[in-house]
Amino acid sequence: MSQFYDLLSKAARDMGSPLSAVPARTHVTTEELPLIRLDSNENPFGPSPQALEAVRLSLQELHAYPDDDCSRLRQRLASRHNVPFEQVMVTAGSTQMLSLLCQSLLAEGLHAVTSERSFVVYGMAVRATGAQLIEAPMQSDHIDLTAILDLINEHTRIIFLPNPNNPTGTMLDADGLDRFFSEVPGHVVIVLDEAYYEYAAHFAERRKVKYSRSLEYLRQGASVVVLRTFSKVHGLAGLRVGYGLGPAELLGYCTRMKTTFSVSGVAQAAALAALEDEEHIARTVANNADQAGALGVGLSELGYRVVPTWANFLYCDLGERAAEIAAQLRAAGVSVRPLAAWGAPNCIRVSIGTADQNESFLSAMEKIGNSTASRMNICQANPRQA
Ligand code: PMP
């Protein structure tokens, strides 16, 4: 018996009962071991020291409302990316930008398109507007742009392209995206989600390939919004700050939908400082690329298939025992992400940590693999959304 069901909007009803929803990661833990968290693609080195100092200074302003326009940060981002100020919008994490785009462009009867096994928040943001999310099949762990094009019709308003993709870590190369942009019709906005931009750019440099021409599409007047975040390489996931680079008119509509003061002054100050800390960024991406290699080799030696990554996590096929192994890892003090909810019950996603964290993970994997008793002891890991 529900007290509120009859009062709900159709979109809220269609999202289903909250009682059956996947719970977010709990931050209350009864475990005694300190947990090595390799489940949410956070920066294993934490925030930049310069960002921490900016946070300390900004605490004196806690009594004041923040600059709702995020002017200083927007100016800094505009000059860094060489786009006009009006083409930058700062939001409470890039997920808020996703929601605002959905609220501005979607409604019942319309839909967005993405790939299967992509970022789970797309579905939540789309369904909250009463619209539908349609998922194209992948081609061996890669987003299939032709399959996405085939799903576009007059009711399509948004295409979400995570590049690199979460959770598979695969990348869409610049030439493939060029062709895609030339074929998408004008009534569809392409959201190029580059949450892992800095990691991918670093891999691309090492591997001598072209990663992304996203801002060139914007400068040429394409209907594109490029998403970036301070949650990943900058290590500020807890402060909630991200941004979109897109056509000024569209961002203007999104701004009207935004909850006032949703990006705190502390977050703005930290983001400004983090942008300048090139040493922290360089250390983070170099560790990530080196450790991606070490972790990939370690997992392959244990007999598991690993998909080459362009981000700060690995997608790994553990076979039928994936969920059980993830639960045993957690009991051993390492949290990874089992991917049944993404339609990949045999796979996990493991964030690339420091050398020490990765060694702990690999040695726990080895022990679990060697343990015959391991099949008996199944407990449930805590799923999250990040
Ligand atoms: N896009 C992708 C593909 C992600 O994986 C994530 C974080 N897990 C985000 C966006 C959201 O990041 P945030 O809201 O913290 O900026």
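Helices here are DSSP runs of H or I with at least four residues, strands are DSSP runs of E with at least two, and both are numbered from the N terminus.

Two notes before selecting anything. Residue numbers run from 1 along each chain as its sequence is written. The model is predicted: local features need pLDDT of at least 70, side-chain atom pairs count only at pLDDT 80 or more, and totals for chains, interfaces and linings use all residues.

Show the C-alpha atoms alone. Along the principal axes they fill a box of roughly 60 × 50 × 50 Å. Of the 386 residues, 42% count as buried. A residue is buried if 20 or more other C-beta atoms lie within 10 Å of its own, exposed if 12 or fewer, and partly exposed in between, with C-beta atoms placed from the backbone. Among contacts between residues at least 6 apart in sequence, 75% join residues at least 24 apart. Two residues are in contact if their C-beta atoms, placed from the backbone, lie within 7 Å.

**The two domains**

Colour 23-41 + 279-376 as domain 1 and 49-277 as domain 2. These bounds come from an automatic or database domain assignment. The domain centres, taken over C-alpha atoms, are 26 Å apart. Where they touch, 21 residues of domain 1 are in contact with 20 residues of domain 2. On the domain 1 side, helix H12 (278-301) and strand E10 (313-317) each supply at least two residues. H12 gives the largest share of that side, 7 residues. By class, the domain 1 side has 12 nonpolar, 7 polar and 2 charged residues. Ala, Val, Leu, Ile, Met, Phe, Trp, Tyr, Cys and Pro count as nonpolar, Asp, Glu, Lys and Arg as charged, and the others, Gly among them, as polar.

**The ligand**

Select the ligand and the residues around it. The shell has 14 residues, and the closest are Gly93, Thr95, Asn166, Thr229 and Ser231. The shell divides into 5 nonpolar, 8 polar and 1 charged.

Stay with Asn166, one of the closest residues. A cis peptide bond joins Asn166 to Pro167, with omega about 25 degrees. Another cis peptide bond joins Asn163 and Pro164, with omega about 0 degrees. Pro164 is in the loop between strand E5 (156-162) and helix H7 (174-183), and Pro167 is found in the loop between E5 and H7 as well.

**Helix H7 and Phe181**

Follow the chain into helix H7 and select Phe181. Phe181 is partly exposed, with 19 other C-beta atoms within 10 Å. Leaving aside neighbours within four places in sequence, Phe181 is in contact with Ile190, Tyr217 and Ala222. Val226 is 45 residues from Phe181 in sequence and 13 Å away in space, C-alpha to C-alpha.

**Helix H10**

Next select residues 248-257, helix H10; Leu250, Leu251 and Cys254 are its buried residues. Seen down the axis of H10, these fall within an arc of 95 degrees, so they line one face of the helix. The arc is that of the directions from the helix axis to the C-beta atoms. The buried residues pack against strand E2 (88-91), helix H4 (94-105), strand E6 (189-193), strand E7 (224-229) and strand E8 (242-245). On the face turned away from them are the exposed residues Glu249, Gly252 and Arg256.

**Loop stops**

Move to the loop between E7 and E8, where Gly238 is found. Gly238 is exposed, with 11 other C-beta atoms within 10 Å. Glu42 is 196 residues from Gly238 in sequence and 9.7 Å away in space, C-alpha to C-alpha.

Arg240 also has its place in the loop between E7 and E8. Arg240 has a positive phi of about 60 degrees although it is not a glycine. With 19 C-beta neighbours inside 10 Å, Arg240 counts as partly exposed.

End at Lys208, in the loop between helix H8 (197-207) and helix H9 (214-219). Lys208 is not a glycine, yet has a positive phi of about 60 degrees. Lys208 is exposed, with 6 other C-beta atoms within 10 Å.

Notes: Near = placed C-beta within 6 Å.
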